[in-house]
Amino acid sequence: MGFFDKLKSAIRKIRAKLIVGIVLVLVILVWGGAPLAVATAYAKNVPPEINFDWEQFFIKMGEGLSNPLNAFKAIFETKMGGLYFWNITKFFFGIYFVAAFVGIVRALPKHEYEDIENGSSDWSEGGEQYRVLSKNKGIVLAEKNYLPVDKRGNVNVLVVRRFWCW
């Protein structure tokens, strides 16, 4: 199994988590990043003697959080809003990509046989199993496969099955 096969397998395992993560980042950017960018742009658009107008910042932040779509539109109307929003977007996507990288690395197969079936239920063909097993009565092994209890000889059996836990 090559590296790219392992990578595809890992991405396939956590695909749903990656999609949920990207949707979550986009929602956070629209709901929180846009108001933050607009509020910062308005708070810094003050006379040079005042570095940052906190009152203006909190007023615009409150307006933006109460109506995030208007704040998203205001990004393009303010002079520096787009720049601040771009910086916030880079920050959140950076965090997302680091988290996605860690998730993919943790989901990589640990050995070459991890996603390969180790056995097969097709161990016999054409009714061959009924020389040993019965299809009518006995200890249930599988559908239409029973271990007869009246058989002579060794009737010990090892049943291996998957254990599902939700």
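Mentor: What follows is a set of questions and answers on this predicted model.

Trainee: In what pattern do the helices and strands follow one another along the sequence of the protein chain?

Mentor: The protein chain has 5 helices and 2 strands.

Trainee: What share of the residues in the protein chain is buried?

Mentor: A residue is called buried when its relative accessible area is under 20%. The protein chain has 166 residues, and the buried part of them is 25%.

Trainee: Is Thr40 buried or exposed?

Mentor: Thr40 lies in helix H2. Its relative accessibility is 15% and the limit for buried is under 20%, so Thr40 counts as buried.

Trainee: Which backbone oxygen does the side chain of Thr40 reach?

Mentor: Leaving out residues up to four places away in sequence, Thr40 touches Phe52, Phe57 and Tyr84. The side chain of Thr40 also comes to 2.7 Å from a backbone oxygen, that of Leu36.

Trainee: Is Asn45 buried or exposed?

Mentor: Asn45 sits in the loop between H2 and helix H3 (54–66). The C-alpha atom of Asn45 is 9.6 Å from that of Thr78, although the two residues are 33 apart along the chain. The limit for exposed is over 50% and Asn45 has a relative accessible area of 55%, so Asn45 is exposed.

Trainee: How far apart are the end C-alpha atoms of H5?

Mentor: H5 has 27 residues, so at 1.5 Å a residue it should span 39 Å. The distance in the model agrees with that: 38 Å.

Trainee: Which helices do the buried residues of H5 pack against?

Mentor: The buried residues of H5 include Gly81, Tyr84, Phe85 and Ile88. Tyr84 is also one of the residues that Thr40 touches. The partners of the buried residues of H5 are helix H1 (3–13), H2 and helix H4 (68–77).

Trainee: Which helix gives the most to the lining of the second largest pocket?

Mentor: The second largest pocket has a volume of about 190 Å³. Among its lining residues are Ile14, Leu18, Val25, Phe92 and Tyr96. H2 and helix H5 (81–107) each supply at least two lining residues. The one that gives the most, with 6 residues, is H2.

How values were computed. Residues numbered from 1 in each chain as written. Predicted model: local features only at pLDDT ≥ 70, side-chain atom pairs only at ≥ 80, totals over all residues. Heavy atoms only, no water. Helix = DSSP H or I, 4+ residues; strand = E, 2+ residues; numbered from the N terminus. Buried < 20%, exposed > 50% of the residue type's maximum accessible area, 1.4 Å probe, protein only. Polar contact = N/O pair within 3.5 Å; in protein donor to acceptor, adjacent residues only side chain to side chain. Contact = heavy atoms within 4.5 Å. 1 Å grid on protein atoms, 1.4 Å probe; cavity = no way out; pocket = protein on both sides within 12 Å on 5 of 7 lines; lining within 4 Å. Points joined across faces, edges and corners; volume = space filled by probe spheres on them. Expected span 1.5 Å × (residues − 1).
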